[in-house]
Amino acid sequence: MEMDKKSKVPALTRALDILNFVAENGHCTVTDIATNLALPKSSLYLMIDELRNLRLLAQSEDGSLRLGLKLMELGSRSVEQLDLRRIAKDYLTQLMLETGLVCHLGILDDNDPIYLLKVDSKSTIQVRSWEGKRLSLYSSALGKCLLAWISVERQKALISVIEFKVVTPYTLTSEEALVNELALIRQRGWSFDNQEDLLNIQCISAPIFDSSNKIIAAISAVGTTLQVNENNLQMLAERVMHAAELISKELGHSHK
């Protein structure tokens, strides 16, 4: 196949070809796939077995193959994230205009916080970040915020594998310190990166909840110590929390 010659990962390309064929043709047999994609049955059986194990393909009682539920889960998450970006953008833009700070939307991607959306400030003082950037769970405001409201079981699992590294003199260095901070975050409703990840950079983050009261994301406002300091910290925190509440409300969350 021509695509395989150009692909750096031919097996992955073939797997996608199989999924695309099943998606276009509905229930089909291994013979149908082998004939139309010109794949040898011996390797095709192995690939289909693995796709079934991954729940990307499923087999019906008559032996025919169909798309697996894992694809529905992935598609649902993709749509959810796109909708979340769309909903959050206007609120983050307004938050940026009110605070003059760079604003972000972030989620937990497996075990890592990641920026899903960035709204640049109009200030001459800029903080370097980008959509897709991965963050620390214990030294970023957004990471700590996400960690603070997830289930106790997942929180414990994530904390247990953290390798605490001293990045700045302000970085949390132990599980005990992090657990204590998470309790404080839940109590006051927002998290704070006090130069813990980068000197002279401070960040405030607040959680976003869905209709089932589950945290699905967090937003943050970040600036230098000239922009975020003890004189305006509480005011900034209130504005970040308010923006997070408005986004949550759009997602069906009922604040109690």
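A polar contact is a pair of N or O atoms within 3.5 Å; within protein, one atom must be able to donate a hydrogen and the other to accept it, and residues adjacent in sequence count only if both atoms are side-chain atoms. The model is predicted: local features need pLDDT of at least 70 and side-chain atom pairs count only at pLDDT 80 or more, while totals for chains, interfaces and linings use all residues. Residues are numbered from 1 along each chain as its sequence is written, and side-chain values use heavy atoms, with hydrogens and water left out.

**Threonine 168**
- A polar atom of the threonine 168 side chain lies 2.7 Å from the backbone oxygen of glutamine 195.
- Threonine 168 sits in the loop between helix 7 (152–160) and helix 8 (175–188); helices (H or I, at least four residues) and strands (E, at least two) are DSSP runs, numbered from the N terminus.
- With a relative accessible area of 5%, threonine 168 is buried; buried means under 20%, exposed over 50% and partly exposed in between (1.4 Å probe, protein chains only).
- Leaving aside residues up to four places away in sequence, threonine 168 touches Gln195, Glu196, Asp197, Leu198 and Leu199 (contact: heavy atoms within 4.5 Å).

**Positive phi**
- Most residues other than glycine have a negative phi.
- Arginine 55, in the loop between helix 4 (41–53) and strand 1 (57–59), has a positive phi near 65° and is partly exposed at 38% relative accessible area.
- Aspartate 110 has a positive phi of about 60°; this residue lies in the loop between strand 3 (102–109) and strand 4 (112–119) and is exposed, at 56% relative accessibility.
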